[in-house]
Each structure stands twice: as C-alpha cells, then as structure tokens.
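Hello,

Here is the structure for your files. My notes on it follow below.

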Amino acid sequence: MVRLTYSRPQPLPLIGNLLDLQDDVPIHALERLADIYGPIYKITMRGKERIIVTSFKLFDELCDENRFWKVPPAALVSGPTPPAEGLFSARSSQSPDWIQAHKILMPAFGPLAIEEMFDEMYDIASQMVMLWARKDSGANRVLVSKEMSNLTFDTIALCAMDFRFNSFYQGQGQAHPFVTAMSNLLLNRSNSQQLSSMLKKLLPSTNEQLRKDAQYQKNLSEQLVKHRKDNPTDKKDLLNAMIYGKDPTTGETMRDELVAANMITFLVAGHETTSGLLSFALLNMLKNPSTLFAARQEVDRVVGKEKITSKHLSELIYVHALLKETLRLTPTAPAITRGPRPENKEDPPRLDRKYELPREGSGIVCLLTKIQRDPEVWGVDVEEFKPERMLDEHMEKIPRNAWKPFGTGLRGCIGRSFAIQEAVLAVALILQNFDVAMDDPSYEMKIVQTLTIKPKDFYIRPTLRKGVTVNSLQERLVVGTAASSIYKSLSIPQENQSDESTNKLSITVAFGSNTGTCQALAQKVASQARQQGYQSSVVDLDAMTGNLPTDEPVIIITASYEGQPPDNAARFVAYMEHLKDPDIFNGVNFAVFGCGHHDWSATYQRIPTLIDEALLKLGASRICERGSSDAASGDMFGDFASWTEKIMWPALLSISPRQSNPIPQKMKVPTLDIQISHQGRDTHLQQNLKWGQVVEARRLTSAGQPEKWHTMIKLATGMTYQVGDYLAVLPMNPEGIVKRVIQRFNLPWDAIITIKDSGTTTLPTDSPLPVSELLKGYVELSDPVTRRVIEALIEDATNASEKEELNLVLGDEKSLQEMLDRRTSILEFLEQNPTLATDFSKYLSLLSPLRPRHYSISSSPLVDPTCCTLTYTVIDALALSNTGKKFQGVTGTYLRSLKPGDQLLVSVRSTNKVFRLPSTPEQTPLIMFCAGSGLAPFRGFIQERAVMIKEGQRKLAPALLFVGCRTPTGDGLYLDEFAEWSRIGAVDIRYAFSRAPERSQGCRYVQDRMLSNKKDIIELWKDGAKVYICGSKNVAQTVGKAARILVEESAKEAGKDMTQEELDDWVKARKNDRIVSDVFA
C-alpha cells in the first residue's frame, strides 16, 4: 500500500496557514488553494491540521456511511458542549439529543406534511409579489438577497411555528432583529480565520454584542415555545411535533431546551440556505436569459393564468432542474465535513488507499463548490449554467454522490423537500407575473459569505408583465384566474404621454454593446432624430424585452461577439429565440444595423441578422434593409452615417404619417448651448467602473524598439478575475492632442464649460467643468472623419475655392475612400483646412463619447487575487493621415503615464467563455501562438500553471508556446520568467525572431516555427491539445494558413487529399471547441 504525503502550502511558525486563508470570501481562499494543490491538500489553522478534499473521486469514498460520518463544522462546535444540541450542530449522530429530535421530526418532514404547508408558503410568497407590484416601476429596485431572506425567514416561521415576523413590513432596509443577530453570529463564525475578525474579537464590545445576539436568539426561541404551550393549537406544525411528539423508542418528549435549540436550527438553516438558492437562481437566469424564458414558458404552459397550486409544482420539471443546477454551481452550504466513524477499524483510516486520515480532530472538509464542478463527472462545460443536465434522463447517468448540496447520509438536510417546494413556488410566482431585469446589466457575480453564501449587492427591477395589474394580480392570488386580458400581448403598454409629447413623432433607438461603439451610434441617430423634430429615447436592447412599441419605429444597433450577443442584449435575444407566435409583433416597425468584424467569418453579423430575421418572422414590419459595417474596413461611423442618410431616414419618412417635410439630404448637426468661464471645477466620474491603483509600471523593451509596458494594478475591493479575462480601462486623451484642440478653437487653457441639457448629448450637462478635463476624459479625439462629418464641416467653409475643392473630393469616391483610409481625425481635418469656421460647440457635437478599452489580463489570480497585470504596446508613430504629426494610442499612452500610487478607472470583463484554460489541466495539453503583446493572456496561463507545479507539486499536461518578436534582447518579453517556467515544466517555449532568425532555428515568424516544429504540434494535437491564438489579424491569418498546411500534410500521409473547402470545414468544425482565438486590432 502506497503512503502519500499531502500537498500543502508551507505553514509558518505559530500562525500556520493563516495568511493563505485571508479573503473577503473565505471559501474563495480554499478554492484558490485547491487550484494550486489539487484534489486533496492539508492546511494548519490554530495549531490543528485540516484536510481539504475537492474531487468527486475522493468525496465519493467519503460518502460511504459504513466508514465515515458527518462532523459538524468547527465554527459551529467551538467551545463547550451546549445544554441542548440542535439537529444541525449536534456533534454526532450518536448524540442523544440528535437521535431523539431526528426520530420525532422525520414524519413532520414527510411528503404529505410538506404539501400541507403549501398554503402558508403561498401566503408569504404572495406578500412579496404584491409588494413588488405596488411599487412604482421606476423605483422598484430590489436587493435580491434581502428580499429572499425576508421570504424564507417568514415562511419557515409561519410553517414551523405559526408565527408571523412580518419581515416585509419592517422599516426600509431593516431586517428583523433575529435575522440581524443571526447574521452577526454566522459572519463571526465564518470569518474566524480572518485577521480582521480576530482583531475585532479583541474588543470587549464585539464579544459583548455576540453574547447579546446569541442570548436574543435563545430568548426568542424559548418565548415561542412558551407562547405555544400557553396557547395550544391543533395545528400539525413542527413546533407542536417538537413539544408533543414522542420518541417512538423511549416514549419521551423533547425537553424545552432541546425544542428551543431546534427552533434556532430551523429559523437559521431553514431560511438562510433557501434564500441563497433563490438569489443565485435569479442571477443565473438573468445571466443566461435562454434559461429564464425556458422556465417562464414552462410556467405559462403549466399554470397559465390560474392560481398556482401544489399540484402544479410537480409539473414544473424545468424549474426544478434550474434550481438543481443552481445548487450544483453555487451550493449555498459550500462545504460539508466528514470524518472516520468510531466503528471504522482501519488503522489508520485511509482515503484512496494511500492518504492517511486522522481519527480525531477537525474532520475532512469537502469543498462542494469544487466537487460539484469536477469535469471528470460533469464534462468540459462544467462552469456553464445548463439546467438541462439536471433533467431525469441526464441525471440517471451521473454518479450517485456527484450532487450533494443537501449533505449526505443520515445527517443530510431534513428539510430538503421543504426548501425545494418553497423555491419552486417562489420562482413560479415571480415568472408568472413579472418581467425581471438586472438593475446593472454589467453586474458580475460577487459573493458574500456567512456560513452560507449569497450573491453580494445583486439588485433586480421587477415590472408586471403585460396585462397584469395590481388588482388582477391580487384577484388571482386570492381567488384564482384573473381578468381574461392577461397575456394578450407580451409588450408593456406605453404610459400616456403629455400633450407636448403627443405632438411629436417618437422613435426608440435600442443598442447592444460591450465596448460602447454601438451605444455611440445609437446616441448619434437619436440626436439626429431630435434635430428633425422627433422625440427620441435611447435604451439598451434588454430594456426592449417584452416591450417593443407598436406606436413608434424602433432602430436597433448591435454587435456580435464570437456569435454571442452583447451583455446588454443577451436577454432580448434569448426572448426572441423562445417566441413562436407569428403575429406577436404585428404593428412593430423596425430597422437593424449591425457591427462586426469579418475575421470571425463563421459568426460575422450573426446577432444583427438573427434579430432582423426573427422580428420579421414574428410579425414585425421592416422599415428598410439591414445595414452593416465591418470593423476591418476602419470606417464604422462612416458606414453607419451612409446607411442612416441614404437608406434608413428616407425609408422611415415614407412610413411616418405625420412627417410631411422630407428629411434634408444633409442632416443638421445638433448644437450644444454652452457657456465658457474661467473658474475651475472638478470633473465628473464615469459609471460602471471602479478605482484601481497602479502598483508597478515598467518598460519591457529596450530603447529604439516599439514600446511595450508592464503595469500591475491593485483592484477595487470585491473585484475578482479569472485567468484570461479582460480589464476594461477608461483612458484619458493625451495632453498633446488636447492642447491642439484648445489652440484650434482659441480657448483659454483654464476655460470652464457648462453644457446645457438639451437631451442631445451624453456629455455632463448643467455642471461646470474645465474644458481640458472634458477633452481629456469624455470624448474621442482620434476617431476618424466620415462622409457625413465632412459634409457637416464643409458647411462652415469661408473660402469658396476650398469649399469647391472639398466638394469635389466628396463627389469622387476614390479620393474620398483614400481620405477615409488614412483615418484622418476631425481635428486633423480642421487643421488641414484652416478656413473652416466650425465653432467649438459643433465640434463637440461631432465627437463620440470616450469608450473604455479592453486589455487581456496577463497574470493569474493564484499569485495574488487582489492584483492583475497588463502587458501592452504603446503606439507612437507617424499618423496615417500624412500630416507629419504623431499618432499616439490613447490608452497605451495613458497607461504609460501612470506611476505607482496613481489611480485609474477599471472593470474586469469576462473573456469569451472558450478562451479559458482547460478544466482538466493534467489531461489536456496546450498549444499557443502569439506575437508581441499578444503574449499577455498566455503569460497569465503559464503563470497559473507554474503556481500549480511549483507550489502544488502537480504534474500537468504539456504546454507548447510559440512567440514571435524581433530580437531576444530588444523586445523579448519576460525572458527570465519564461526561462524559469520552462525549467520547471510549465511551458515549452519556441521563439521566432524576425531580425535574429539564427537564434530561432532559422525561423523568422511564428508560422515558420510552426512548420519547422510540426511533429511536436501534431503529436500534442493527437493527445487532445487545445489550441489558442492571440494577436493581430495578420497573426491569426498566417497561423491559420500554416495550420491548414499541417492538416493537409497529415491527411496526405493518411492517403487522403483535402480540398480547400474541406480544409476550411475542418477548421470551422473545431473552432471555439479545440481551436480558440482572441484577435485584436
């Protein structure tokens, strides 16, 4: 028998692994150590060793009830044995208290008993939905975790002890004192290994508050028991069962102390876990909208307009599966603890026949958040939310112990059926009556942990579905079917407009955008519409879900991201895909403009095309043919302007019954009412970004080489990332170009500007700020001119000959295209044509809002989850416009200017879900191709592998990295780091030096090195390797050509000739599966 030494982080004298466990969310620290040390590791806490298990294989063995049993969490059993032990916190299943309570309460949690609690569950859930319905839709911002906590706390209280805490009617933002006391106690226990908690416990006031909280819980539970005894009832609830029920073996009843202890158990465990489940379920549905609409369709089919009954719940198969999948990904009790049974005679007990286990101590912590994401059980898509995997036909294939969110064995959760019935009812009621949207569409899951976990700061906005009113909802909840008008349409009725607004033709512009480009286009067309007398509004596409107007046209502008919708359009797209009624959008008039990049040929314009075709099939009328722009052409704004002017506006005019005057061929440029003074004021902050702080900044390349930099950033508290993610950075325009603008318009350098709010701008309005700050931080100064911009500027010509010359350029498509290809900025155009009398107001109106730029993060959170690094190129070269002036990349220049201690606005953005490290690093090899700063994500990949190997002593599958650069001494990036990582086996790196090919086996470029080393590539591919490409369009194309050569040669060796079409099909079939790319401009 082999005896293995545990992998582990090195403990320090006295404090053990205390520093390794510091995290705002303690479970994240254990997960991070699991990523490093593998499926089983050991840590030392407060002088005691503790074993952590994170794989299904080992957990499956620990579920053997003949050898192992539940050990309660150390945080619950610290200190002396209490006078009475509740079911959850009893030290063992041999405790007399546990045995007696379990025997008496099991019948009270039987199927019939749970079904009889339905009406009381319905009562509390109805309170919640009625409160939502009565709130003004604009102010109905709901903190999900608090609302679900109110729901489940009141439900368990009413069902278990016929007591109403009336949590929904507490003061705004207030919880019942029991919940407050419970939260304080649980948080203290959960954070027992956090330095901040340890320091707080040194304060007498902290310990006194904890004592008061515990006493309050005890007093309340005892009062409830006394109240029932003083006021007996025949109700068959849990409290009566505990007071009057008899142990079938001994005939004894539970003593009052034990009843009170279990009252606390039910009030805490009975509401805390279910509220987390419901919170995560709503979040998962909203982040994966197709599941939201699948669940809603099921509720509509099964329940329809009727009052929900207990009989309906068993038919909501998909809703059950959705909740189960939520519990798989985010088990609200994220760990269970197991240990050897006293009857286990193994000496010593062993796990997997090789890991010796202590017979006494703190037990073995089984990390469900990792065990239930084991790719060996759930597949490579283990991180994705897929309720379908929980349907019966799929679950039958899953090992018995792979899904254990309610614990296992005799001490598994006694209230499992109660929790599921309560959760299914709540989800069904919400979906039946409300459209639900995230308050912040860009919200990414953050966790708050007590002993359980919940999403942190997650807000939703529920609005009543079409046809559901407060009165009809109340009627349905009380007596059954509501008014017959419910669900006649899925569109929310428009509110009555004022007399002034009814005199205008309205238009809605909806956009889907991750980077801000489509939003900027939407603002432009809305601004044009207002100038033509339209009342226009701009919303994200998700706001149009179930809300497409029939009394005004809708202009939709959206992009695709690897064939997927933008974050703020995912819900709308999923909604469209689930609709079947061919007449549902009768009366809707729409036009679609799509943005894309032809390098993603397989999915180019997929989302705009899908929306355009779906709307047509569902009864809507197309105003005009779909417009499109290819970002590769470099003139997206020009393409959009051409489409709006030549196609969209003329077509819209033809169907606008109240617009009698034709749209002029040259659109009016919106003007801004501005005031300029000489007093300085602070700038305004941007939204959806948080302040990070520069920790380190250094140049990576030598003098004379194109600049590449490394910047480390301390992230805001609560901001987390995964290897491969992006960091969105909101830059500031370079000072040089800001000075040029100020000089061009002859403005004082310390000028103050106030923009009057006319509804036509996204710039800060009615708030004075320095002109220099406005130009630095709010507008794009480098965006190229378009045909429409040139037309608008020509109107300001004061020189007749110059005006004629410019009009000639506009009339000559070849000359115009040459100008556009040079990407001349608006400022450069004005500088080249000094007689143009364009004023500053008009110039500002022509500029787009400043957009955040996305950079691949070049570090791994396993090194430091609070910091990330960026590796980037600083563009500083002659402008393409032939002006002789330098073009400076906006964000690279900005980042280069930052020094340690400087702050910047950033946000972590998830990468394409397939551009991730494999979930099975021991089995899946990697092949990576990049050039220049395209190395960034791969540095993060290899850094993560290095931590796993060096600290976790893990044996990983091979990783082969091809890197292109000029020379090893000039622009070789992180050479020493990669040399060390290569030495320990984290990577096998193959360079291609374009100016020193003798240092790279005669290969100048990555594709040359590919072909030279084809044997190694083919061997890893046959072993199941995943291929990653990161770099410019040229890198992706040349690597793709070389890959096709390798495929073709391999086919010939096997006796088969492949046509070009077959080669293309071969690559397409594997794209976004085994071949993934991240191509940047």
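At what angle do the axes of helix H6 and helix H20 cross? The model is predicted, so to speak of local features requires pLDDT of at least 70 and side-chain atom pairs count only at pLDDT 80 or more, while totals for chains, interfaces and linings use all residues. Residues are numbered from 1 along each chain as its sequence is written, and side-chain values use heavy atoms, with hydrogens and water left out.

**Helices H6 and H20**

The axes of H6 (residues 118-134) and H20 (residues 470-479) cross at roughly 175° and come within 10 Å. Helices here are DSSP runs of H or I with at least four residues, strands are runs of E with at least two, and both are numbered from the N terminus. Axes are lines fitted to C-alpha atoms, for helices over the stretch in contact, with angles from 0 to 180 degrees between N-to-C directions. H6 and H20 are therefore roughly antiparallel to each other (angles over 145 degrees; under 35 is roughly parallel, 65 to 115 roughly perpendicular, the rest oblique).

On the H6 side, the residues in contact (heavy atoms within 4.5 Å) are Tyr122, Ser126, Val129, Met130, Ala133 and Arg134, and they meet Val470, Leu473, Gln474, Arg476 and Leu477 of H20. By class, this contact has seven nonpolar, two polar and two charged residues. Nonpolar covers Ala, Val, Leu, Ile, Met, Phe, Trp, Tyr, Cys and Pro; charged covers Asp, Glu, Lys and Arg; the others, Gly among them, are polar.

**Strand S5**

Five of the six residues of S5 (residues 335-340) are buried, so the strand is largely enclosed by the rest of the structure. Buried means under 20% relative accessible area, exposed over 50%, and partly exposed in between (1.4 Å probe, protein chains only). S5 pairs with strand S3 (residues 68-70) in the antiparallel sense over three bridges, where pairing needs at least two DSSP bridges. In that pair, Trp69 stands opposite Gly339. S5 also runs antiparallel to strand S8 (residues 364-367), joined by four bridges, with Thr337 opposite Val365.

**Leu322**

Leu322 lies in helix H15 (residues 317-329) and counts as buried, at 0% relative accessibility. Leaving aside neighbours within four places in sequence, its contacts are Ala281, Met285, Thr291, Ala295, Phe385 and Pro387. The C-alpha atoms of Leu322 and Glu388 are 7.8 Å apart, at a separation of 66 residues along the chain.

**Cys413**

Cys413 sits in the loop between helix H18 (392-395) and helix H19 (416-433). It counts as partly exposed, at 40% relative accessibility. An unreviewed UniProt entry annotates Cys413 as "binding site"; such annotations may be inferred rather than shown by experiment, feature names are shortened, and positions are given in the numbering used here.

Regards
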